[in-house]
Amino acid sequence: MRVYLDNAATTPLDSAVLDAMLPYLRNNYGNPSSIHSHGREARSAIEKARKTIAGLLNASPGEIFFTAGGTEADNMAISCSIASHNITHAVTTQLEHHAVLHCLQHNQQQRNLDVTYLHTNKQGLIDLAELEEVLAKRPGSFVSLMHANNEVATMNPIARIAEICKATNSPFHSDTVQTMGHYPIDCTALSLDFLTGSGHKFHGPKGTGFVYINSRMKIHPFIHGGAQERNMRGGTENVAGIAGLAKALEIAVTEQEAHRRHITALKARMIERLKASIEEISFNGDSGNVENSLYTVLNLSLPASEVGDMLLFSLDIAGISASGGSACSSGSEIGSHVLRGINADPARGAVRFSFSKYNTPDEIDYACEKVAELYPAGVRLEQV
Ligand code: PLP
């Protein structure tokens with residue numbers, strides 16, 4: 001049996017998405033910037049995709065800008081707003097994806113940006129009072145806080161954060177890469193400034209994504225050299241990818257509730273089975289909280305420092321794809337910055353399982369069986 005439980009890293013392409021892309025890979029190969037009929041056909045596919053995505057997120061089409069994925073979308077939102085508005089201070093946490101953290105660090109080096117990292121608790125939650133305090137002292141700061149953490153499943157209350165930011169005229173960017181398509185997102189109701197999506201996290205093609213930019217927010221172009229994406233991102237568009245991205249989001253949003261129920265049940269099943277067979281198990285961050293965490297992610301915490309990597313390797317041999325991470329850095333960059341950020345015990349190993357609509361209860365049972373087999377109840381790895 002081969003079981004894929006690494007859906008937070010990437011998801012398999014939906015066959016309906018592939019069908020939506022194929023015409024633009026086979027016959028409709030025009031350059032969307034060309035004015036002849038081949039070009040117009042490609043342009044029309046892009047604008048249709050933009051309209052679809054805007055409709056699904058209650059945004060207007062002019063607020064959606066296509067990018068080559070989540071990392072680029074995060075970089076565009078962060079770097080362009082900091083440069084365009086001469087922002088001198090940003091607020092975030094140590095638990096953000098590197099697409100955010102490294103981009104902010106780059107702006108620290110290049111533009112002397114001052115960055116405040118909010119405290120997070122064991123679950124990875126921020127204290128909203130601390131955010132209010134920081135912004136009261138420094139209104140107009142750039143705030144970047146993700147909707148859901150890709151490693152430990154903690155969810156930030158982005159609607160509340162958006163209100164706090166708005167009250168102090170602080171632009172708010174939320175990395176919604178892990179929640180896009182998995183949770184209802186209403187841009188108009190949320191009233192934030194930027195959010196980001198990545199096609200391959202919801203059964204779309206890799207290397208596709210978008211940034212939503214609230215129409216009240218004006219920023220300078222990100223990539224120079226062409227008038228594409230209304231001058232904001234030069235370069236010939238990935239027409240097939242954009243068509244696939246829109247189709248993938250359409251399916252994800254339309255079938256969201258059914259997928260949420262299915263995946264939440266898989267996660268609850270895994271927690272229950274693992275708890276029954278491994279006495280010393282716990283779950284990193286908020287991921288063991290079935291009600292309130294990102295339902296697609298479960299991050300196991302197991303005793304013994306080697307267990308994480310050895311278990312991953314053994315799981316792979318047993319046909320199970322998961323991902324790892326340990327809080328232990330051993331003086332190098334090895335290990336998860338998120339687990340370090342929540343002060344996870346460096347002596348324990350971590351394995352992240354992440355689920356999709358294609359996973360089945362049988363696959364979960366198989367994975368639990370293998371984890372229990374490889375990690376017998378009550379027996380520490382170093383003793384076996
Ligand atoms: N942000 C988060 C929270 C992610 O989980 C990821 C991907 O793992 C990214 C950004 C980057 O997205 P992409 O792979 O499309 O560049």
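Start by selecting glutamate 257, which is partly exposed, with a relative accessible area of 40%. The terms used here are buried for under 20% relative accessible area, exposed for over 50%, and partly exposed in between, with a 1.4 Å probe and protein chains only. The model is predicted: local features need pLDDT of at least 70, side-chain atom pairs count only at pLDDT 80 or more, and totals for chains, interfaces and linings use all residues. Residues are numbered from 1 along each chain as its sequence is written, and side-chain values use heavy atoms, with hydrogens and water left out.

**Helix 9**

A salt bridge here is a side-chain nitrogen of Lys or Arg within 4 Å of a carboxyl oxygen of Asp or Glu. Both residues lie in helix 9 (residues 256-277), 3 residues apart, about one turn of the helix. Helices (H or I, at least four residues) and strands (E, at least two) are DSSP runs, numbered from the N terminus. Arginine 260 is partly exposed, with a relative accessible area of 30%.

Next, select arginine 273 and aspartate 365. They form a salt bridge, with the closest N and O atoms 3.2 Å apart. Arginine 273 is in helix 9 and aspartate 365 in helix 12, so this pair ties together parts that are 92 residues apart in sequence. Arginine 273 is partly exposed at 38% relative accessible area, whereas aspartate 365 is buried at 16%.

**A network around arginine 50**

Now select Arg43, Glu47, Arg50, Glu229 and Glu237, which salt bridges with shared partners join into one network. Center on arginine 50, found in helix 2 (residues 37-56). Is arginine 50 buried or exposed? It is buried, with a relative accessible area of 2%. Its side chain makes a polar contact with the side chain of glutamate 47, at 2.7 Å. A polar contact is a pair of N or O atoms within 3.5 Å; within protein, one must be able to donate a hydrogen and the other to accept it, and residues adjacent in sequence count only if both atoms are side-chain atoms.

Show the surroundings of arginine 50: not counting residues up to four places away in sequence, it touches Pro61, Ile64, Phe65, Phe66, Glu229 and Arg230. Contact means heavy atoms within 4.5 Å.

**Lysine 357 and aspartate 14**

In total, the structure holds 18 salt bridges. For one of them, select lysine 357 and aspartate 14, whose closest N and O atoms are 2.7 Å apart. Lysine 357 sits in the loop between strand 13 (349-354) and helix 12 (361-374), and aspartate 14 in the loop between strand 1 (3-4) and helix 1 (15-26), 343 residues apart. Both lysine 357 and aspartate 14 are buried.

**Histidine 147**

Move to histidine 147, in the loop between strand 5 (142-144) and helix 6 (158-167). Histidine 147 is buried, with a relative accessible area of 8%.

**Cysteines**

Finally, select the cysteines. How many disulfides does the structure hold? It holds 0, a disulfide being a pair of cysteine sulfur atoms within 2.5 Å. The sulfur of cysteine 80 is 8.9 Å from the closest cysteine sulfur, in cysteine 103, too far for a bond. Cysteine 165 is in no disulfide either, and the nearest cysteine sulfur, that of cysteine 187, is 15 Å away. Cysteine 80 is buried at 6% relative accessible area, and cysteine 165 is buried at 1%.
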